[in-house]
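Let's take a walk through this fold together, one region at a time. Please keep the viewer open as you read.

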Amino acid sequence: MTTAHADPASLRTPLRSPSGLRLDRPGPEDGPALWRLAREAKTLDVNSVYSYLLWCRDFAGTSAVARDRTGRVMGFVTGYVRPDAPGTLFIWQIAVDESVRGLGVGGALLDGLSLRVATEHGIDRLETTITPGNSASERLFTSYAERHGARVTRETLFPADRFADCRHESEVLHRIAPLSF
């Protein structure tokens, strides 16, 4: 399979998710909202507000937010193109406000972001890590792979004993490839 490239001009217009939210690139002003959503998710490692401010500045091109009609951030996905594997988009975090969970926002964020990054950077695979037992993330990324005609392979990337606090579960790497758009 090959990656089909969309017209870059069409990607400048924000997409709409199934819930009516508008998908957009984040800006530094969105950093506190990403921090809030990560904290409220209760399943993510919550980083400092400063790290989300920097992420929204330095990695806006490989991240996306879902906004309601007022512009409030209701979901986000952060990622980056791996420097040693330029065809790979690594998804770092994804979170959706509790009020819009189950409406397809997470899938729309992943689809919109990966299409944009495929068009701009030529990616044909996606990676993420998921802790054991996080069934919601498992379902999200498995359905993403199915929509894009890709296989999912799994292996432990970071075993639990690598984490200094010793309370962190292992991080299982999910490789999703090859992607078709």
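Lys-42 is exposed, with a relative accessible area of 73%; here buried means under 20% relative accessible area, exposed over 50%, and partly exposed in between, computed with a 1.4 Å probe on protein chains only. Before going further, note that this is a predicted model, in which local features need pLDDT of at least 70 and side-chain atom pairs count only at pLDDT 80 or more, while totals for chains, interfaces and linings use all residues. Residues are numbered from 1 along each chain as its sequence is written, and side-chain values use heavy atoms, with hydrogens and water left out.

Lys-42 is found in the loop between helix 1 and helix 2. Helices (H or I, at least four residues) and strands (E, at least two) are DSSP runs, numbered from the N terminus. Although Lys-42 is not a glycine, it has a positive phi of about 65°. As background, most residues other than glycine have a negative phi, and most peptide bonds are trans. The peptide bond from Ala-177 to Pro-178 is cis, with omega near -15°, and Pro-178 lies in the segment after strand 8.

Step back now into helix 1, which spans residues 31-41. Its buried residues are Gly-31, Ala-33, Leu-34, Arg-36, Leu-37, Ala-38 and Ala-41. An α-helix has 3.6 residues a turn, so residues three or four places apart point the same way. What covers the buried residues of helix 1 includes helix 2 (49-58), strand 3 (63-67), strand 4 (73-81) and strand 5, where contact means heavy atoms within 4.5 Å.

Because 5 of its 5 residues are buried, strand 3 is largely enclosed by the rest of the structure. In a regular strand the side chains alternate between the two faces of the sheet. Here both faces are covered, with Ser-63, Val-65 and Arg-67 buried on one side and Ala-64 and Ala-66 buried on the other.

Which strands pair with strand 3? Strand 2 (residues 22-24) runs antiparallel to strand 3 and is joined to it by 3 bridges, with Arg-22 opposite Arg-67. Strand 4 also pairs with strand 3 in the antiparallel sense, over 5 bridges, and Ala-66 stands opposite Gly-75 there. Two strands count as paired if DSSP finds at least two bridges between them. Strand 3 and strand 4 form a hairpin with 5 residues between them, and Gly-71 in the turn has a positive phi of about 95°. Arg-69 is found in the loop between these two strands and counts as exposed, at 87% relative accessibility. Arg-69 and Leu-21 are 48 residues apart in sequence, yet 7.1 Å apart in space, C-alpha to C-alpha.

The sheet continues from strand 4. A hairpin joins strand 4 to strand 5 through 6 residues, and the two run antiparallel, joined by 7 bridges; Tyr-80 stands opposite Phe-90. Strand 5 is mostly covered, as 8 of its 9 residues are buried. Strand 5 and strand 6 then pair in the parallel sense over 4 bridges, and the bridge partner of Thr-88 in strand 6 is Arg-125.

Now look inside. In soluble globular proteins, nonpolar side chains tend to be buried together. A nonpolar core is a set of buried Ala, Val, Leu, Ile, Met, Phe, Trp, Tyr and Cys residues joined through side-chain atoms within 4.5 Å. Of the 28 residues in the largest core, Val-77, Ile-91, Leu-110, Leu-126, Phe-141 and Ile-176 touch the most other members. The largest share of this core, 7 residues, comes from helix 3. A second, separate core of 11 residues includes Ala-33, Ala-38, Val-65 and Ala-95. Returning to Ile-176, its contacts beyond four places in sequence include Arg-125, Leu-126, Phe-141 and Tyr-144.

Our last stop is the largest pocket, with about 1,100 Å³ of space. A pocket is an open set of points on a 1 Å grid over the protein atoms alone where a 1.4 Å probe fits, with protein on both sides within 12 Å along at least five of seven lines; lining residues have an atom within 4 Å of a point. Grid points are joined across faces, edges and corners, and the volume is the space filled by probe spheres set on the points. Of the 43 residues that line this pocket, the closest to its centre are Thr-43, Leu-44, Ile-94, Asn-134 and Ser-137. Strand 5 gives the largest share of the lining, 7 residues.
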